[in-house]
Amino acid sequence: MKNTERLYAIANEELSVRTPKTIRELAIKFEVSENTVKGDLRELEVLGACYCANPNGKPQLWFAVNSNNNLKMSLELAFALQAVNETIKAILPDEVYQSIEEVFGAAQATYQKKRNANHQSNVVKFERGTNGIDLKKHLALNNIQLDVLSAVKSALCSNRELSFETDLGAFELRNVSLSELDGKLFIKGKMADRRYQVETSKIIKAGQLELRPAWESKSKELAVRLVS
């Protein structure tokens, strides 16, 4: 490996702002002498890419100055990690969380970057459709059944129509989104070019259901028309 390639790999793939690396570890990794690695680190230090936390220590502990956030992850994974960050932080001891905090930092950076580049992705569609609603809370309160929520999530991500069933019959909504009002959860969407909302607790099941005849007239009994 050429010197420039090794410098890049050390700076962008090996060094971390959280977990230190020693000269010996890097020498073994790149199969070069410790003096060679020491020279590489000094060069990177001059460039402002790394620093030694204990210059007189044995072994010396080397860190990156800035997080490179080069962890490769999909937008979906970044979104999920972002969603559980605060929960993980609350559960884990501080020293344990600090050892993995860089992962969540990378997730945040990845999410912001890919979200802007993929504004029509399924993740972004889902985020727009839920608008920060705490779905776990509504599941716990039985405001929505788990299988219904799964069908709603699929509809939100795909922009396909949501078929669902209530005591009044089977219906379909398109352009689906969720909203909260007075502690209740509602599905909003369009039916026959009119906007409606339906309380999710009224839904028995959802998915690909066959519509019954005269569903348009029954929809008037079920849904509440929204003000345009």
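**Close-up views of a predicted model**

**View 1. Helix 1 and helix 2 cross in a right-handed sense.** In this predicted model, the contact is built from Arg-6, Ala-9, Ile-10 and Glu-14 on the side of helix 1, and from Leu-26, Lys-29 and Phe-30 on the side of helix 2. Sorted by residue class, the residues of this contact comprise 4 nonpolar and 3 charged ones, with no polar residue among them.

**View 2. The axes of helix 1 and helix 2 show how the two helices pack.** Helix 1, spanning residues 3-14, packs with helix 2, spanning residues 23-30, at an angle of about 120°, and their axes lie 12 Å apart. Because of that angle, helix 1 is classed as oblique to helix 2.

**View 3. Helix 6, residues 122-130, contains several buried residues.** Val-123, Val-124, Lys-125, Phe-126, Gly-129 and Thr-130 are the residues buried in this helix, and the elements that cover them include helix 4 (75-91), helix 5 (94-117), helix 7 (135-140), helix 8 (146-158) and strand 4 (169-181). After helix 6 comes Asn-131, which has a positive phi, near 50°.

View 4. Among the contacts with a separation of 6 or more, 57% are between residues 24 or more positions apart.

Notes:
Residues numbered from 1 in each chain as written. Predicted model: local features only at pLDDT ≥ 70, side-chain atom pairs only at ≥ 80, totals over all residues. Heavy atoms only, no water. Axes fitted to C-alpha atoms, helices over the stretch in contact; angles between N-to-C directions. Helix = DSSP H or I, 4+ residues; strand = E, 2+ residues; numbered from the N terminus. Parallel < 35°, antiparallel > 145°, perpendicular 65-115°, else oblique. Left-handed = near helix turned anticlockwise from the far one by under 90°. Contact = heavy atoms within 4.5 Å. Nonpolar A, V, L, I, M, F, W, Y, C, P; charged D, E, K, R; others polar. Buried < 20%, exposed > 50% of the residue type's maximum accessible area, 1.4 Å probe, protein only.
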